[in-house]
Amino acid sequence: MDNVLVKIGSLFFCGNRGEDMNFGLKGRVALVAAASKGLGYAAAIGLAREGARVAICSRTEADIQQAAANIKLDCGEDVLPLICDVTKPDEIKNAVAQTAIHFGNLHIIIPNSGGPAAGTFENLTEEQWSSALDSTLFSTVNMVREALPHMKSAGWGRVVVITSTSARQPIPGLLLSNTIRAGILGLCKTLSQEFAPYGITVNSIAPGSFDTDRLKHLHERNAQAGGITFAEARKQAEQKIPLGRLGRPEELANAVVFLASEAGSYVTGQAWAVDGGQTLGV
Ligand code: NAP
């Protein structure tokens, strides 16, 4: 058979003419954290477009309600908006429970959060260390802990953690991210071994530079520090990316969708860089 480019939902794959490709996401239930904006929102809409039933959470009620309404309008699927501060274990517990009650199950979690504070060793406070650990490492641990019984009872599960290129290639001025994200890779690799017998895969995705509010904030900081304009700071950042541009959030979502799907069933324990070629290590 001839190989052709096949469109599946919002993604393109090379497949055999006439064969029907399917991600196997229809009817799966996903909880996406920190999803009113940015990468979390893009991941949620990507999953919903492939037929997953999606719960999304973040802290600001108006934003999460608006995000859910937008996804529903785009996909026609039921979307559950939840208010949850992922630094608070009780709120994660509640978000997981509400998702399972609303949809009757939970198969996929996408741990994600606001990024840790920028800074160097000598200017970071103990409180910033603690808050970074809560928002990135412990939020992931707590979300996995709450979701695990649901995935185990389904005999199928997917954990796809959003990290950063800093996990593998330290970024100057982002000491907290550089330190803690590397630990999350260790966590994910270990969980992939422990959970494999349950049919649960565990992977992470390391975004490079994506055009979101978080990145705008970092470019503003760099512009101030370097005495240049925001546009110049953004251009400098783009020049460091081999593909020559910032990523579009949906380009990150494509990788999330694959790893969260049945199509990604034989990939576990991996840390995928989605970064336009930014990470230099092999
Ligand atoms: P963003 O556009 O600023 O969006 C952040 C989202 O997280 C919002 O929905 C926000 O809503 C939510 N959020 C923040 N703190 C939260 C908390 N404690 N509990 C629940 N929700 C929370 O950020 P982004 O660019 O999508 O980044 C997401 C993650 O990817 C961050 O950890 C970031 O460091 C990492 N990352 C991003 C890039 C990039 O290029 N964008 C690159 C590498 C890594 P509320 O404020 O209403 O809660």
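Predicted model: local features only at pLDDT ≥ 70, side-chain atom pairs only at ≥ 80, totals over all residues.
1. The model contains an open sheet of seven strands in the order β5-β4-β3-β6-β7-β8-β9, and the pairing is parallel. At the edges stand β5 (79-83) and β9 (271-274), each of which has a single partner strand, so one side of each is left without a neighbour in the sheet. On average, and with direction ignored, neighbouring strands of this sheet are turned by 20° against each other.

2. Strand β3 and its surroundings. Strand β3 spans residues 29-33, and because five of its five residues are buried, the strand is largely enclosed by the rest of the structure. The burial concerns both faces, with Val29, Leu31 and Ala33 covered on one side and Ala30 and Val32 covered on the other.

3. The partners of β3. Five bridges join β3 to strand β4 (residues 53-58), the two running parallel, and within this pairing Leu31 stands opposite Ala55. Three bridges join β3 to strand β6 (residues 108-110), and this pair also runs parallel. Here Val32 stands opposite Ile110, while Ala30 stands opposite Ile108.

4. Helices on the sheet. Helix α1 packs on the sheet, where it touches β3, β4, β6, β7 (157-162) and β8 (200-207), and its direction makes about 170° with that of β3. Helix α2 (residues 61-75) likewise packs on the sheet, touching β4 and β5, and its direction makes about 170° with that of β5.

5. The structure holds twelve salt bridges, and one of them is formed by Asp63 with Lys37, whose closest N and O atoms are 3.6 Å apart. Asp63 lies in helix α2 and Lys37 in the loop between β3 and α1, so this pair ties together parts that are 26 residues apart in sequence. Asp63 counts as partly exposed at 29% relative accessibility, and Lys37 is partly exposed as well, with a relative accessible area of 44%.

6. Glu262 forms a salt bridge with Arg158, the closest N and O atoms being 3.8 Å apart. The pair links distant parts of the chain, since Glu262 is in the loop between α8 (249-260) and β9 while Arg158 is in strand β7, 104 residues apart.

7. Which residue forms a salt bridge with Asp213? The partner is Lys216, and the closest N and O atoms of the two are 4.0 Å apart. Because Asp213 and Lys216 are three residues apart in helix α6 (residues 213-226), they are separated by about one helical turn. Asp213 is partly exposed, with a relative accessible area of 45%, and Lys216 is partly exposed with 36%. Through salt bridges that share partners, Lys37, Asp63, Asp213 and Lys216 are joined into one network.

Technical notes. Residues numbered from 1 in each chain as written. Heavy atoms only, no water. Buried < 20%, exposed > 50% of the residue type's maximum accessible area, 1.4 Å probe, protein only. Helix = DSSP H or I, 4+ residues; strand = E, 2+ residues; numbered from the N terminus. Pairing = 2+ DSSP bridges. Axes fitted to C-alpha atoms, helices over the stretch in contact; angles between N-to-C directions. Contact = heavy atoms within 4.5 Å. Salt bridge = Lys/Arg side-chain N within 4 Å of Asp/Glu carboxyl O.
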